[in-house]
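I opened this entry to keep track of what I looked up in the structure. My notes follow the order of the look-ups.

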Amino acid sequence: MTLVLDERANLKDGPGFHALIAGVSAYPHLSGGSGTPAVDSFGLRQLTSPALTAHKIYRWLIEHKSNLPVPLASVRMLLSPSESEKEVEPELDALQVDRCTRGNFVPEVRRWREDAMSHDENITFFYHVGHGIQLSRSESVLFLEDFGAPDAPLMLNAVSVQHIYNGMAPPGDPQKEMARTQLYFIDASSLLPPAISQMSRLSPPDIFDIALGGLDDRRAPIFYASVPGSLAYAHSKKQTLFSEALLRCLNGEAAVPSDNIHGEVQWGVSITSLMNGLTKIFSDVSEEYGIDQRLSVSGVGSDTIICYLDSPPPVKIILEIDPPSALPFMKIEILDDAGVSIRTISAPITPHPYIFDLAAGIYIMKATMDPPVPGLKEVSPKTRLVMPPSVHWKLKVDAS
Amino acid sequence: MTLIYAPDESRKGQSGFHALIVGVSDYPHLLGGSAKLARQHMGMQQLSSAARAAFKMCRWLVSREKYLPAPLASVRLLLSPLDKEMEKESEYSAEVERATLNNFLKAATEWREDASTHPDNMTLFYFAGHSIEKSATESVLLMEDYGDGIGGTLRNTVSLNNLFGGMALDNAGAQMARRQLYFINACQFFRAGTMPRFESMNATDAFDNCPVFADGRDAPIFYAAFPSDKADALDGDIKLLSKPLLDYLNGAAGEPLKKGQDVKWRVSVNSLHKELEPYFEELSGKLEVKFSYELKGIPKDITISFLDTPPKLKSLIFGARGSAAKKPGIHALIVGVSDYPHLLGGSARLATQHMGMKQLSSAALTAFKVYRWLMDKPLSLPLASVRLLLSPSQKELDIEKELEGIVKQVDRATLNNFLTAAREWQEDAVTDPNNITLFYFAGHGVQRTSGDHVLLLEDFGDGIGGTLRNSVNTQNLVGGMAASATNNNMARAQLYFLDACRVAPTVFKEFEWMNTADVWDVKRATFDNRAAVIFRASLPGDKAYALVGKQTVFSKALLDCLEGGAGKLDNESGKWYVSTNSLHGALQYYINETTEGQEAEQEYKADGVGGHQVVIRYLENAPPVELIVPVEPPEAFPDTVVEVFDEQNTPCQAQSGQNESHYSYHLPGGYYTVKAKLTETDQRRLERPQKMILLEPPKAIKFPVKVSTG
């Protein structure tokens, strides 16, 4: 079974959200695998988190289906978990999904494409996590479970990201429909193994027959977990850093305010805000772990919300007062966008920096010194839009 | 004969331009010379082109007679050429006296006498030959008879300090020329610990000098040299120093001199220096020989020569190569092609595969507007260089007069010119990883297959080679700008704006091979940590449109964005900025706004490498934003008072002529509070009597005030 959610019958000719998720941890023909070793494994080994990652993505979609812009209509999943992952997450076995071999992957991608073609306003979602390499500057290749199988060309059980992307382009016949919003997440390394340069031409087999380029008016960003020539990292037996960052973003850290049809603010994650959010989290995570993992994005066009939030996301506020000599006398009052006082921080402000949470939105911070401190001026109210994930709010008290 | 250009008798007493030019290639007493080798030859040898360089300088001066800042009055020339050095100089006469010490002293004395007849005189001294760095502050110029064994080692040399000092007002009198130019092109012996102690050796004085206290001259010395121990490797070729000097004097260092509405073109001390400095820096790198170059003396920015036409600058229209490398900057390459001679309506033979494409009406104008914008607006980094290639239509030239002037200065957007400009642009980009590059192309574009984008240059379809020979593939262009082990200093922020169609003509289905020209060889992918954002004006398979005779839709939208339409408020600093990410949010809005009411629909697309944001500019002021406050239901409008206050609680003025349902404001972006109230007797209530909002472009912010009856 690959189709782990099927609500297509309920769409009633309306648009739907069609997801295809693939996670490959077990590679029998790579080092440490159970099968015949590949002729050239490029030094790649077994992985410990892709299947878990794919499962987390699947869970998120199921749990947030009411937040998607169109109804969640189908979720296809292919998993090749490692034994250790199955121990961590029993549902990997319980779901009984097909393994991510070429034999299973190709027909599923084609069926996913058929679903995508049911309505122009469909949204498609493609998430692949596992081994990948950069075949050239413009071509990324993903390895399926049976990559490196004996007696076959090396790339037989690999797929080209660009081929899938191009194959999902709107058909030349304007009468035929195709999802015009497509989201691609490629959670894999993008190294170019030196052995590749010794081969005259390596080419993964096609999945689709692709017509020469016609009008391609998709909104179809591809989010890559790594830039060419670099690695994508993971928390062993948990999930990849990319998926962690993605889910943090979708859960609110990349949320931006948008107007709904009633002229009211509704928070959601858009393509652009997701790009910004992922970039920021990547930057923080790289610093935290001492790695250099960078996001790469292509195919960005006009922006759109890809998931809504039920309420404004929480924001961590790090309040810092300068100079510290004002701390014993400083009283802070925070007003919301309606001018209502929602929080008071009494003097002395401690600990410093003072950290607290606010729901995302616009706030006014009023600071008073009681009694007035000689040599320091009164502080005028400060306004700012507080956006997730955190805001470093510095309050500078000028000398009088 | 030394005086080869004598003053016109009728001009006696009037100011004039007096030159003394000396070139020494033949040093009989140095290595390879015809006479007894000097005891202190210091490894110095014959020079292959110094006399010829001096002769060319002389010819230049005479040929530019009409364009000098003072009428040419006298030229003195001393040459010591090697036997066959002057063979190709048909105007050279062997009667020109040789550059021995005695001849030099005589010529210098006469030159000074001429120079000191009028304060408006101008002088030029040029020396090409050997020099010795006598001390840290003094160089001596070697005459032909250096090392003849008579007297001290430096007897047949002249100290540049002595010569320069002797031309000061204190020494030469109050009538001395106030504008003096000195050019030294030398193969220089540099001091080192093991070399002779020259401090105790004396050069011959050209003039008796008293100490100079107040020197009222403008007297720059352009001193360029290469080390004599590298002369072998450089073939003793002074041309390496003299040729660029003449090229720049001939116009390559031209700059506009504005006087009211009039623009005159000239080469000045500063404009020449701006070119020579990076040139020698670059030359040092290329030849792995340390060329020394210095502008010293009293370097005031005086005019050296006027130009009859604006200089042909190739593609580099702003900035200086090399010198820009000292700090990170923005390097731009802008290309605009409207005139396609081989497409429909063109002036030359129609391309076999013209694909139905015609002449364009606004691509060059667009490129020009982008260039003007870059020149006018402060960006997040200093603008370091702008290269511009233009192939305008006649209509565009008629519409935009300034374009005509610019077109005279820059090359046309042919393949060869593009490749050269791209190469130079890449070389500049690789000077600092913090550089930002900007590429803008406006013209025809096509796509062969999905994901492809080919940009057509002016000479597309010229019938030579394959159909796409005179076109470039954007994947190749962008791929070649990646950093690699050999160019690790490549700009890590790169902006590409491809303002062209991406239609897929059916002809591509008929051919198995149709290859574009490679801009460069692209190395295999390595770690590519650029933020290279490619904004394409059209979707794959779609068209990009233009406002005929004005500019493209995409460029208008882009400039609207850069002007502030894509402005975002940085809450930390309070600054407004435009970045690659804020462009994403605004470009389509302005494209739609520009095409509103037209039949054309256009959508942009962005691709690229790396997702991190590049700040393109900070805005001087908050961008304007429209705020619309409708009252709902509209019947409640007469009873509802709406007030908007800025962050300082100052009330904002609504636009006059309100209709009967909403208030409208045009405000600078920022935080505002909207307050609404009903008349005191009104029993209805307001859902949000007070709300703070953030106004950011591009679209008008609609904030409804809702009145409920409940």
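These entries cover the interface and then one residue of chain B.

Entry one, the interface. I noted first that the model is predicted. I looked up which residues make the contact, and found 51 residues from chain A and 47 residues from chain B. I then took the area buried between chain A and chain B, which is about 4,100 Å². Carbon and sulfur atoms give 51% of that area.

I checked for salt bridges across the interface of chain A and chain B, and the rule finds two. I wrote down one of them, in which the side chains of Arg384(A) and Glu572(B) meet at 3.8 Å, N to O.

H7(A) gives the most, with four residues. By class, I have 20 nonpolar, 22 polar and nine charged residues on this side of chain A.

I placed Asn162(B) in helix H3 of chain B, residues 160–166. Is Asn162(B) buried or exposed? I noted Asn162(B) as buried, because its relative accessible area is 8%, under the 20% cut-off. Leaving aside neighbours within four places in sequence, I found Asn162(B) in contact with Asp205(B), Ala206(B), Phe207(B) and Asn209(B).

Note on methods
Residues are numbered from 1 along each chain as its sequence is written. Chains are lettered from A and ligands numbered from 1 in the order in which they are written. This is a predicted model: local features need pLDDT of at least 70, side-chain atom pairs count only at pLDDT 80 or more; totals for chains, interfaces and linings use all residues. Side-chain values use heavy atoms; hydrogens and water are left out. Contact means heavy atoms within 4.5 Å. Buried area is the accessible area (1.4 Å probe) that two parts lose on being put together, summed over both. A salt bridge is a side-chain nitrogen of Lys or Arg within 4 Å of a carboxyl oxygen of Asp or Glu. Helices (H or I, at least four residues) and strands (E, at least two) are DSSP runs, numbered from the N terminus. Ala, Val, Leu, Ile, Met, Phe, Trp, Tyr, Cys and Pro count as nonpolar, Asp, Glu, Lys and Arg as charged, and the others, Gly among them, as polar. Buried means under 20% relative accessible area, exposed over 50%, partly exposed in between (1.4 Å probe, protein chains only).
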